[in-house]
Amino acid sequence: LPYWQEIVKRYGSSNPEAGQTPNSPRVEPAMYYVGVNLYDAAEALDASNGDRTKIEQAWKQAATSLQTFTTMYLSCPMAGDAHVRLIDIYLERLFDLSEASKQVESSKAWVRASSKGSQRLEASSFLTPASEEWKALQSSPKYEVYLREGLIAYCRQEYKASAEAFQLAAS
């Protein structure tokens with residue numbers, strides 16, 4: 001993590017909101033890996049059953065890092081994985097259904113705009129595939145985003161919207 005953070009610090013944009021671009025092509029993967037490493041660190045801290053305040057802060061730090069990455073690198077292939085991780089943080093770790101819904105909308109826009117929407121995610125699958133087609137579908141950002149949209153709609157008792165999202169995930 002310190003290695004990636006140092007690259008971002010040295011070569012990254014000092015003001016991404018103002019449209020300044022990074023000074024090195026290495027910043028893009030570095031920012032992604034900072035977010036992923038913070039996500040993994042928050043997951044490890046969460047598994048340790050430690051101080052809930054520190055755990056929540058760790059998840060928020062990971063979310064902020066991933067959000068910065070997805071904002072700066074809209075067309076990056078790794079953005080699909082970052083979007084899915086953001087949804088998971090808000091849905092499964094911070095239990096913020098409203099923010100998870102916002103992340104789903106942002107993620108759906110990325111899937112629609114990206115030619116990478118059907119590519120495989122960087123993260124590995126946790127489910128045992130029934131077929132190679134299912135494995136490829138299941139690990140695509142499109143599948144992951146629409147699956148989570150369906151889960152959020154189901155939690156809100158919006159069953160028709162949930163079914164539609166699941167249909168989109170399977171298509």
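Trainee: At the start of helix 5, which residue has its backbone nitrogen reached by a side-chain oxygen of Asp96?
Mentor: This is a predicted model, in which local features need pLDDT of at least 70 and side-chain atom pairs count only at pLDDT 80 or more, while totals for chains, interfaces and linings use all residues. Residues are numbered from 1 along each chain as its sequence is written, and side-chain values use heavy atoms, with hydrogens and water left out. Helices are DSSP runs (H or I, at least four residues), numbered from the N terminus. At the start of helix 5, the side-chain oxygen of Asp96 comes to within 3.3 Å of the backbone nitrogen of Ser98.

Trainee: How far does helix 5 reach from its first C-alpha to its last?
Mentor: Helix 5 covers residues 97–113, which is 17 residues. The expected span is 1.5 Å times one less than the number of residues. The reach is close to that expectation, at 24 Å.

Trainee: Which helices are included in what covers the buried residues of helix 5?
Mentor: Buried means under 20% relative accessible area, exposed over 50%, and partly exposed in between (1.4 Å probe, protein chains only). The buried residues of helix 5 include Glu99, Val104 and Trp110. What covers the buried residues includes helix 3 (52–72), helix 4 (79–93) and helix 7 (141–155).

Trainee: Is Phe95 buried or exposed?
Mentor: Phe95 is found in the loop between helix 4 and helix 5, and its phi is near 55°, a positive value in a residue other than glycine. Its relative accessible area is 63%, so Phe95 is exposed.

Trainee: Which residues does Ser65 contact, leaving aside its neighbours within four places in sequence?
Mentor: Ser65 lies in helix 3. Its relative accessibility is 14%, so Ser65 counts as buried. With contact meaning heavy atoms within 4.5 Å, and those neighbours left aside, its partners are Met31, Val34, Gly35 and Leu38.

Trainee: How many aromatic pairs does a search of the whole structure find?
Mentor: Rings of Phe, Tyr and Trp (its six-membered ring) pair if their centres lie within 6.5 Å; planes under 30 degrees apart count as stacked, over 60 as edge-to-face and the rest as tilted. The number of pairs found in the whole structure is 5.

Trainee: Why is the pair of Tyr32 and Tyr33 classed as it is?
Mentor: The ring centres of Tyr32 and Tyr33 are 5.1 Å apart. Tyr32 counts as buried because its relative accessibility is 4%, while Tyr33, at 30%, counts as partly exposed. The planes of the two rings stand at 65°, so the pair is edge-to-face.

Key
Helix = DSSP H or I, 4+ residues; strand = E, 2+ residues; numbered from the N terminus. Polar contact = N/O pair within 3.5 Å; in protein donor to acceptor, adjacent residues only side chain to side chain.
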